[in-house]
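Subject: Structure handed over, with notes

Hello,

Below is the structure you were expecting. My notes on it follow.

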Amino acid sequence: MTIYDSVQKTKREFIPQEKGKVSLYVCGPTVYDDAHLGHAKSALVFDLLTKVLKANGYDVTYARNITDIDDKIIKKANEANKSIKEITDFYTSAYDTEMGKLGVLRPNLEPKATESLEAMFELIQKLLDNNHAYKTADGDVYFDTSSDSQYLKLSHRVQNEDEKRQRVESSSQKKNSADFALWKSVKDGTISFPSPFGDGRPGWHLECSAMIEKHLAKPDTKFAVDIHGGGADLLFPHHENEAAQTRCGTSHVLANYWMHNGFVNIDGEKMSKSLGNSFFLKDALKIYDGEVLRFYLLGTHYRSNFNFNEEDLAASKKRLDKIYRLKKRLFGLSNENVQTPFKDELLKALSDDLNISASLALIDEMISHVNEMLDTAGKHKELKRDTLSNLAYIEEILGFGVKNPFEYFQFGVDEETKAKIDTLIKKRDEAKKAKDFAASDKIRDEILAFGVILMDTAQGTFWERV
RNA sequence: GGUGCCAUCGCCAAGUGGUAAGGCCGCAGCCUGCAAAGCUGCUAUCCCCAGUUCAAAUCUGGGUGGCACCUCCA
C-alpha cells in the first residue's frame, strides 16, 4: 500500500512500525456547532482509509479526538446560559448521529480534552523541565519555538524577520512571536480548570500531543503514531505545533506518515460564517440520502479540493444508482463470499493512496459487463455468484450499496404516498392486461406527479423516485 | 508580501516518459405496447511558448489563469 505523505510530499510505501498493526490519529471536531460538509469529508476520508487498511490485513487502532475545551464552546455556553458539558454533549451526539448516516464507523478511541488533562499536565511539565517551555508573569505557559531546531520543518515554512519583530512588540510576554500557549491562565472568573500551573485552560495544540502519547504511543517506538491525519488547513500551525511538543516533550517523533484531506467549497467559494454559506450536514441529510452524500464526497480524490454543487451531486447519484440497480437484478440471492479478480483489482486501486477514480472505473466496468451478460439468455450461475461477492466487497471496503435496493430508490417518500403509488400500480396492471394502454399511460402520468417513475420488468412493475 | 498546490472532452475526473480510464450530459441503435432500466456504437492530444528525449499530458525553463495556507478552522 502507498500513501502520499504530505510532509515529505511524495508517495511512500506504507510500512507500519509494528508488523500487521497500524496506529492512526485524526484531528476531530471542536464540538461547539453543527458539523458541515467539510467535517463530513474528513471523517469519510479517514473512514475509507481504515477500511482499506483493514482490507490489507492490518489491525488498525484509530483515534479521533473530541475537542471539548475551547473558547468558542465557552462563549456559546455563556450565551445560552448552559454548562459547557451540555453544549459539548449535544454537538458530540449530533456529530456521531450524522456521521453514522454517512456510513462512517466509529473510531476505536474518541478521547476528549476534558478527560485528558492529566496527560496534558505531564507533557507541559516535561517541556518546562527540558527548557522547551516557559512561564510568563501572567501565569501562562508558552512553548519556546526558538528552543526547537526542527520547528517549521514540518510545514516547510520560513519565518519572516519583520513579522517576527512586529508580533513580539505587540504581544508582550512571549519570547518569540511564533511561541504558542500550552496553558492559558484564567483570572477573570470564567470557566477554568485547576492545574499545577494555576487555574486556566489548555492550549489547543497541546491536547492532540497529550492524547496521542496517552492512548497510542508505545514506549520503545520511534514514532508516536504511524499515520496522523486531518484537514489541509491544520498542517500549520496545528500540526507543526503538535509535532514540536511531542518531539521536545517525549521520546517520540509524532508521526511517520502525514495525510491531509482537501477542502470542501460550496459553489466555488470557501464555506465560512462570514459568507453565510456553510452547508451543514444535518441540512444536507434532509435533502439527500446519507449514502449518496458519502458517494459524492468520496468520489473525488481526498487530497483534491472539492467543489460541492447540486449538479455534480446529481451526476454522482446516478453512478451510485447503477450499483443499486444491479443489486435489484440479483435481489434475494445470497452471497457465498468467493475470491474474484475484481476484488484484487479494487483493493489494488484503493491501496494506491486511495485512488477512488480508478476504483469507481473498475466498479462501472464490472457492472456494465455483468448487465451485458445478464441480458443474454442463460442461468449465469458463476457470474451471479462472483458478482454478489464483488458487491459485498464494495459494501465492505467502500460502504457503497449497503441498503436494501428498493428502499434506496424510495428515499424521501412517505408511507401514505407509497400506499397510493401501490394502489395506482395495481390499477395500471389491470389496464395493461386489458391492453388499454391509454388508461395505463394516464396512470403512469398520475404517478409521475408524485416524482416517481415506473419500470416494467419481468418480475413486475417497480418504481423509483426521480 | 512569504510559502505551497493546481490547470486533461460541455460538466465531474483518473493517468507522472511510450502514444488519453471511468461517470454525467448529448447523438444513433437494440430491447420495450410506449416508456424507464439495461446494452451497443460515436464524441478530447491534455492552458500557452520554448527546451530535453527515439518518444512528453507526464521532465525542465518562462508565461497566463485559478486556489490554499501564513489568525480560529476539517
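Contact, in these notes, means heavy atoms within 4.5 Å. By that rule, and leaving aside its neighbours within four places in sequence, Asp-364 is in contact with Arg-319 and Lys-322. Asp-364 sits in helix H12; helices (H or I, at least four residues) and strands (E, at least two) are DSSP runs, numbered from the N terminus. Asp-364 is buried, with a relative accessible area of 16%, where buried means under 20% relative accessible area, exposed over 50% and partly exposed in between (1.4 Å probe, protein chains only).

Some conventions before the rest. This is a predicted model, in which local features need pLDDT of at least 70, side-chain atom pairs count only at pLDDT 80 or more, and totals for chains, interfaces and linings use all residues. Residues are numbered from 1 along each chain as its sequence is written, chains are lettered from A and ligands numbered from 1 in the order in which they are written, and side-chain values use heavy atoms, with hydrogens and water left out.

Overall layout

Chain A has 16 helices and 15 strands. Its C-alpha trace spans about 95 × 50 × 40 Å along the principal axes. Of the 466 residues of chain A, 52% count as buried. Among contacts in chain A between residues at least 6 apart in sequence, 75% join residues at least 24 apart.

The domain assignment gives domain 1 (2–265), domain 2 (316–408) and domain 3 (412–465); such bounds come from an automatic or database domain assignment. The C-alpha centres of domain 2 and domain 3 are 29 Å apart.

Cores

A nonpolar core here is a set of buried Ala, Val, Leu, Ile, Met, Phe, Trp, Tyr and Cys residues joined through side-chain atoms within 4.5 Å. The largest one has 74 residues, and Leu-37, Ile-227, Phe-308, Ile-394 and Leu-398 have the most contacts inside it. Helix H1 (residues 37–55) gives the most to this core, with 10 residues. Domain 1 and domain 2 each supply at least three residues to this core.

Which residues does Ile-227 touch, leaving aside its neighbours within four places in sequence? They are Ile-3, Phe-14, Val-22, Ser-23, Leu-24, Tyr-25, Leu-49, Leu-53, Tyr-257 and Met-259. Apart from this core lies another, of 51 residues, which includes Ile-87, Leu-152, Ala-243 and Leu-254.

H11 and H12

The axes of helix H11 (residues 341–350) and helix H12 (residues 356–375) come within 7 Å and cross at roughly 160°. Axes are lines fitted to C-alpha atoms, for helices over the stretch in contact, and angles run from 0 to 180 degrees between N-to-C directions. H11 is therefore roughly antiparallel to H12 (under 35 degrees counts as roughly parallel, over 145 as roughly antiparallel, 65 to 115 as roughly perpendicular and the rest as oblique). The crossing of H11 and H12 is left-handed, meaning that the near helix is turned anticlockwise from the far one by less than a right angle; clockwise would be right-handed. On the H11 side the contact involves Phe-342, Glu-345, Leu-346, Ala-349 and Leu-350, and on the H12 side Ile-356, Ala-358, Ser-359, Leu-362, Ile-363 and Met-366.

Lys-343 is also in H11 and is buried, with a relative accessible area of 6%. Not counting residues up to four places away in sequence, Lys-343 touches Asn-337, Val-338, Ser-389, Asn-390 and Tyr-393. Lys-343 and Ala-392 are 49 residues apart in sequence and 9.9 Å apart in space, C-alpha to C-alpha.

H6 and H7

Helix H6 (residues 204–215) and H7 have axes that come within 8 Å and cross at roughly 50°, so H6 is oblique to H7. This crossing of H6 and H7 is right-handed. Trp-204, His-205, Leu-206, Cys-208, Ser-209 and Ile-212 of H6 meet Pro-237, His-238, Asn-241, Glu-242, Gln-245 and Thr-246 of H7.

Backbone points to check

Most residues other than glycine have a negative phi, and most peptide bonds are trans. Phe-236 and Pro-237 are joined by a cis peptide bond, with omega about 0°; Pro-237 lies in helix H7 (residues 235–249). Leu-152 has a positive phi of about 80° although it is not a glycine. Leu-152 is in the loop between strand S6 (141–143) and helix H5 (161–170) and is buried, at 12% relative accessible area. Asp-353 also has a positive phi, near 50°. Asp-353 is in the loop between H11 and H12 and is buried, with a relative accessible area of 1%.

Regards
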